[in-house]
Amino acid sequence: MKFIVLFLSASSLLAQANGDKFIGSIDLNNVVDDKLYVTVELPEITHESIEYHIPKIVPGTYSISDFGRFITELEVVDDNGEKLAVERLTDNRWLIKDATKAKSISYWVEDTYDTKKGNVIFEPAGTNIEEGENFILNTFGFFGYLEGLKNLGYQVNITHPESLYGGTSMIDLDESTTVDTFEVSDYYTLADSPIMYSKPDTTIKNVGGAEILVQIHSKRDRVTSKDVMDNIAELLEAQKNYLGGTLPIKKYAFLIYLSDGLSRSGGFGALEHSLSSVYSFPEINPIFLSQSIRDVAAHEFFHIITPLNIHSEEIGNFDFINPNMSKHLWLYEGITEYSASHVQIKEGLISLESYMNILEGKIENSKNYNDVLPFTELSSLCLDEHKSQYQNVYQKGALIGMSLDIYLRKYSDGEYGVQQLMQDLAKEYGKEVSFKDELLFDKIAALSSAEILDFFKTYVEGPNPIPYKEVLQQVGIEYIEEGTIFQLTLGNISLGVDPDTRQVAITGTSEMNDFGKEMAYQIGDKLKSFNGTEVTTENIADLVAEFRNTFNAGDKVKMEVKRSVNGKSKKVKLKAPAQTIETEVEGEIRVNRNATDEQVKLRKAWIGV
């Protein structure tokens with residue numbers, strides 16, 4: 001589930017210059033029955049009647065939320081405080097009568113985290129009200145707009161306990177320690193700017209000219225904002241380099257809510273905005289939690305490129321009540337997901353073996369969806385007819401990005417790929433210019449190669465499965481869809497993690513084959529080194545994959561283990577010549593040792609190794 005960005009327009013700048021804006025206010029000290037009271041001062045209205053809207057759907061969630069169902073006791077008053085007639089048309093629409101007299105709207109808002117109303121909203125897209133502890137203000141859940149006036153400026157005033165800090169990508173214009181004031185150019189930008197109030201645990205770091213903020217709300221204090229920043233700093237630097245050395249933003253906020261147990265939705269993950277992302281995770285083992293946040297952040301942060309700087313008209317002028325969906329989810333989510341792992345292999349953060357495992361997993365996972373459904377059709381109908389296929393944007397959508405990258409490299413002798421294409425598209429359009437859905441493929445062809453149009457026509461607009469074997473062969477990588485191969489064996493033993501030392505250990509030998517017997521493994525052996533490299537829980541999978549990709553039958557395999565002998569821990573050296581076994585595989589990716597020089601050259605241009 002991902003959040004598509006919204007943008008300001010020329011008309012919004014004019015509206016703000018005229019001083020005509022909405023002013024919304026919330027007092028976080030005033031929580032009644034798990035609800036907050038919202039007041040919105042209205043701009044001048046020239047129509048006798050007008051509708052007030054709270055979003056039915058917010059871009060990128062690709063499901064109906066009906067945030068208006070959490071609104072109660074809505075009232076509209078004039079300058080004298082007299083109530084005006086209001087008719088509720090739907091969950092999300094109110095008709096204000098005698099609207100030229102309307103001065104302000106007020107209502108109570110119930111949060112989504114623990115509500116019993118209707119379908120559950122995924123927490124990063126929802127709202128939370130925990131008096132004195134935490135407030136997740138996804139602004140579209142609290143503030144609305146008058147129909148036809150989304151382009152007017154919006155000021156938000158939040159009164160809060162001095163003990164709580166409001167993390168956001170917006171700039172606080174009030175120096176008070178108990179009042180925050182934010183001003184944005186339009187409702188689009190407001191809806192794209194969440195705020196999280198919690199007891200201060202924030203860490204700020206400058207990366208590529210941008211201020212990066214990490215804020216955490218944690219009940220158990222098992223992970224701090226510094227822990228997360230330390231874990232993602234290397235990734236942020238890699239993404240900065242990947243994007244040309246600087247970041248096209250001034251501030252970015254990671255807002256992280258850690259729940260004490262499972263959330264109501266039962267899910268975890270994030271919702272990204274153009275300049276921030278909201279995370280919801282259970283407070284699990286700190287090692288796994290910090291890594292999980294890093295894995296998700298790799299994707300979310302790349303949305304500063306698309307759709308912030310690259311977006312269609314359907315996104316640039318999003319309809320919160322009756323949206324028209326773009327047909328280019330392969331670009332917004334697929335390319336973003338692809339770039340999240342591509343940057344890591346290109347910048348040396350993960351090994352070739354790890355990267356191939358990622359691609360292998362996406363190919364296998366994509367088989368759970370309709371592979372002959374044109375991706376443009378999936379995108380445009382993802383709210384209804386093809387709703388069940390949406391998650392494929394993170395599988396096949398990313399594989400479209402991979403295939404596009406390889407074809408672009410092929411057509412340019414390795415000189416031009418998706419990395420350069422995205423930068424060129426951002427320069428072509430930018431924040432304030434939307435592209436027309438039907439013209440995007442032609443624009444990409446003009447920036448790169450006319451030959452790429454056949455790829456789009458056949459595999460993105462057409463009903464044809466991508467021939468992954470053919471695509472990967474061009475960069476010296478084999479894809480074995482299914483069949484029997486001879487593969488090096490580690491001995492058919494079971495590996496686990498010793499709970500006391502956190503070392504990789506042998507936990508089972510009942511199915512051990514001849515190679516394992518020759519190595520003389522024993523249950524309880526703790527792996528210290530494998531072929532000269534220290535073994536850790538983080539690198540064991542890569543070491544095994546590298547072994548299978550680089551060793552030949554007969555090559556000497558060396559392992560050092562710690563073994564308990566007569567109650568004492570001793571170092572034991574194991575060795576044996578490598579052996580192959582016949583293995584049934586379905587969907588395996590590995591380096592082609594017989595790749596041509598041209599294929600290797602293209603692979604190095606593609607991923608750097």
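Colleague: In which loop is D221 found?

Modeller: D221 is in the loop between β16 and α3. The model is predicted: local features need pLDDT of at least 70, side-chain atom pairs count only at pLDDT 80 or more, and totals for chains, interfaces and linings use all residues. Residues are numbered from 1 along each chain as its sequence is written, and side-chain values use heavy atoms, with hydrogens and water left out.

Colleague: Why is D221 called exposed?

Modeller: With a 1.4 Å probe and protein chains only, buried means under 20% relative accessible area, exposed over 50%, and partly exposed in between. D221 has 58%, so D221 counts as exposed.

Colleague: And why is A520 called partly exposed?

Modeller: A520 has a relative accessible area of 38%, so A520 falls in the in-between class. The loop between α14 and β23 holds A520. Its phi is near 65°, a positive value in a residue other than glycine.

Colleague: Which residues does P577 contact, leaving aside its neighbours within four places in sequence?

Modeller: They are F515, E518, G554, D555 and K556. Contact means heavy atoms within 4.5 Å. P577 itself lies in strand β26.

Colleague: How do you know that β16 and β17 pair?

Modeller: Two strands pair if DSSP finds at least two bridges between them. Eight bridges join β16 to β17, so the two count as paired. They run parallel. V214 stands opposite F254 in β17.

Colleague: What makes β15 and β18 edge strands?

Modeller: The open sheet has the order β15-β16-β17-β19-β18, with mixed pairing. β15 and β18 each have a single partner strand, so one side of each is left without a neighbour in the sheet.

Colleague: What is the volume of the largest pocket?

Modeller: About 1,300 Å³. That is the space filled by probe spheres set on grid points, which are joined across faces, edges and corners. On a 1 Å grid over the protein atoms alone, a pocket is an open set of points with protein on both sides within 12 Å along at least five of seven lines; a cavity is a set where a 1.4 Å probe fits but cannot get out. Lining residues have an atom within 4 Å of a point.

Colleague: Which element gives the largest share of that lining?

Modeller: Helix α4, with eleven residues.

Notes: Helices (H or I, at least four residues) and strands (E, at least two) are DSSP runs, numbered from the N terminus.
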